[in-house]
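Hi everyone, thanks for coming.

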Amino acid sequence: MNDYLYVVGHKNPDSDSICSALAYANLKNKCGEKAIACRLGPLNEESKYILKRFGFENPLLLKDARSQLRDIDMDTPNLINEKATLNEAWNKMLTTNNRSLFVLNDDNQLVGILSTSNLSLVRLLSDEDLYNLMKTAKIEDIAKTIKGQIELAPKHFSSNGRVYIVTLNRSEDFQDDFKGSICVLSDGDDKQKLLIEKGAKCLIITCNRSVTRNIRHLADINECAIITTKLDTMKVARIVNESFCIKKIITTNVISFNENEYVEDVAAKMMKSRVRSYPVLDYDGNVIGAISRYHLQNYRKKRFILVDHSAKNQAINNIDKALVEEIIDHHHIGNIETDYPIFYRNQKCGCTATIISMLYQENGLLPDDKYSGLLLSAIISDTLNFKSATTTQLDINTAYWLAQRANIDDIGEYAKEMLGASVSLKDAKPIEILNRDLKNYDVGKYRMAIGQTNYNRLEQVQGLLPEFKKVIEKQQQDSKLDLMVMMFTHVLAEGTLFVFYGPLSYVMADVIETRFDEHSGYDKDIISRKQQLMPKLSAMLKSI
């Protein structure tokens with residue numbers, strides 16, 4: 001069972017979301033939890049730079065909070081090869097609580113299921129059907145089933161599938177029916193000789209009796225197999241008809257599931273069938289488990305820690321179908337609800353990484369140089385090197401403390417280097433730029449989306465504006481938003497160029513300092529989406 005804690009930021013992750021998830025997962029692991037940092041979307045250029053700079057791999061991409069089959073407890077699968085005998089299947093079935101065997105071919109791929117129903121139906125077959133099955137039994141499988149030893153095996157063994165328990169002694173009572181059959185008897189050279197002469201294809205000699213050299217010679221000439229066994233005649237009679245391979249009786253129309261399927265989807269499919277146990281396969285088609293309805297009614301949901309957000313529209317999909325155990329955030333309190341108490345840390349500061357740095361210390365731990373570099377980078381990014389209106393003295397103090405631990409002597413120089421890495425407008429498509437860091441907001445009855453990216457020189461933005469305006473207008477219309485805004489903010493926080501579309505575009509004239517036309521403008525002071533733009537827009541919309 002998957003018992004990990006998934007530490008995730010928000011959709012369209014920024015550097016704070018990524019770095020905070022990594023650093024907090026590391027803290028939880030140091031505190032004895034099994035935690036994994038995840039991301040909900042592609043990394044922006046700045047985050048890529050930070051991770052490479054401090055030697056981190058990209059966090060795991062996770063798209064849905066729902067539990068998958070690989071996350072829950074499953075039964076160990078009972079596997080059997082399709083060439084196994086019916087007798088082997090019965091014996092294997094009786095040693096397990098799960099009354100289903102998953103049948104594999106020689107390549108270990110699933111080819112069918114064998115249930116107690118399949119096995120029991122054999123005993124209800126007509127004589128003719130049973131003969132046809134026994135026709136396929138190999139001499140080796142017959143010997144194995146009755147715990148016997150092959151004394152003589154013709155080059156090409158075959159029988160008509162009929163099995164006779166021979167107790168007659170008088171030759172006049174012997175019938176031609178013995179021709180092509182398998183005969184079970186305990187002793188008697190004369191009896192054995194007559195059976196061979198009548199055309200029997202296999203003699204099973206029970207009770208540990210031996211055969212003479214003359215009988216062996218006669219059998220060899222007539223291509224009749226001989227098997228000896230320690231079992232008595234009645235025991236052999238009971239099990240010899242279980243010598244054919246199960247391939248002939250398995251259910252081949254198999255309902256199976258992949259380990260990556262979501263539990264609730266699998267439960268819905270199970271409602272349409274009446275199978276007791278279902279095989280679970282991995283990516284390569286190997287059977288890795290067995291599940292029943294019981295497993296889907298009694299499973300533990302995935303566990304999450306949310307960092308840098310607390311709103312459903314920014315959270316991983318289907319978060320309401322998982323367990324939220326902690327929230328660490330520096331934004332407004334969102335609308336994620338739980339039915340149980342959790343650890344919730346919400347603090348007024350410029351960056352989630354600032355709070356996580358404090359949590360290290362509160363737990364008596366210190367981030368190493370690599371994680372200190374991650375946390376420092378997140379603070380610089382979210383506060384735009386302390387120029388954002390969201391910046392607090394706590395952010396600044398924490399950043400300098402982290403810089404010392406990360407062996408970064410000049411924060412200003414590192415900030416230019418790092419923030420400059422986020423500027424990649426030249427080779428990016430307008431749709432990619434728009435969705436890099438796009439967040440949705442609901443204000444009363446109005447729906448909005450605001451994206452933000454950085455630039456170095458204003459002419460970079462001006463060159464892509466004609467095409468970008470077409471893209472943002474189309475996405476606003478497709479998404480049926482009342483307002484979509486894109487903020488192009490100078491890398492060193494020297495102002496923001498705005499592009500906006502939607503029925504509420506007119507309100508931007510009262511929000512930003514300069515308006516170029518109906519869909520664009522500039523403001524030298526607004527650089528923060530959450531602390532400057534959103535409060536102004538919210539106040540404006542509430543007054544409409």
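One term before we start: when I say that elements are in contact, I mean heavy atoms within 4.5 Å. And please keep in mind that this is a predicted model.

With that in hand, look at helix α8, residues 213-221, which lies across β7 and β11 (225-229). Relative to β7, the helix runs at about 75°.

Now the sheet itself. In what order do its strands come? The order is β7-β11-β10-β9-β8, an open sheet of five strands with mixed pairing. β7 (148-152) and β8 (163-165) stand at the edges with a single partner strand each, so one side of each has no neighbour in the sheet. From one strand to the next, the twist averages 20°.

β8 pairs with strand β9, residues 182-185, in the parallel sense, over three bridges. If you want a residue pair to click on, take I165: its bridge partner in β9 is V184.

The largest pocket has a volume of about 980 Å³. It is lined by 44 residues, and the closest to its centre are H331, K439, Y441, R529 and K530.

Several elements supply at least two lining residues each, among them α2 (45-53), α13 (369-383) and β19 (446-455). The largest share, six residues, comes from α18.

Key
Residues are numbered from 1 along each chain as its sequence is written. This is a predicted model: local features need pLDDT of at least 70, side-chain atom pairs count only at pLDDT 80 or more; totals for chains, interfaces and linings use all residues. Side-chain values use heavy atoms; hydrogens and water are left out. On a 1 Å grid over the protein atoms alone, a cavity is a set of points where a 1.4 Å probe fits but cannot get out, and a pocket is an open set with protein on both sides within 12 Å along at least five of seven lines; lining residues have an atom within 4 Å of a point. Grid points are joined across faces, edges and corners, and a volume is the space filled by probe spheres set on the points. Helices (H or I, at least four residues) and strands (E, at least two) are DSSP runs, numbered from the N terminus. Two strands pair if DSSP finds at least two bridges between them. Axes are lines fitted to C-alpha atoms, for helices over the stretch in contact, and angles run from 0 to 180 degrees between N-to-C directions.
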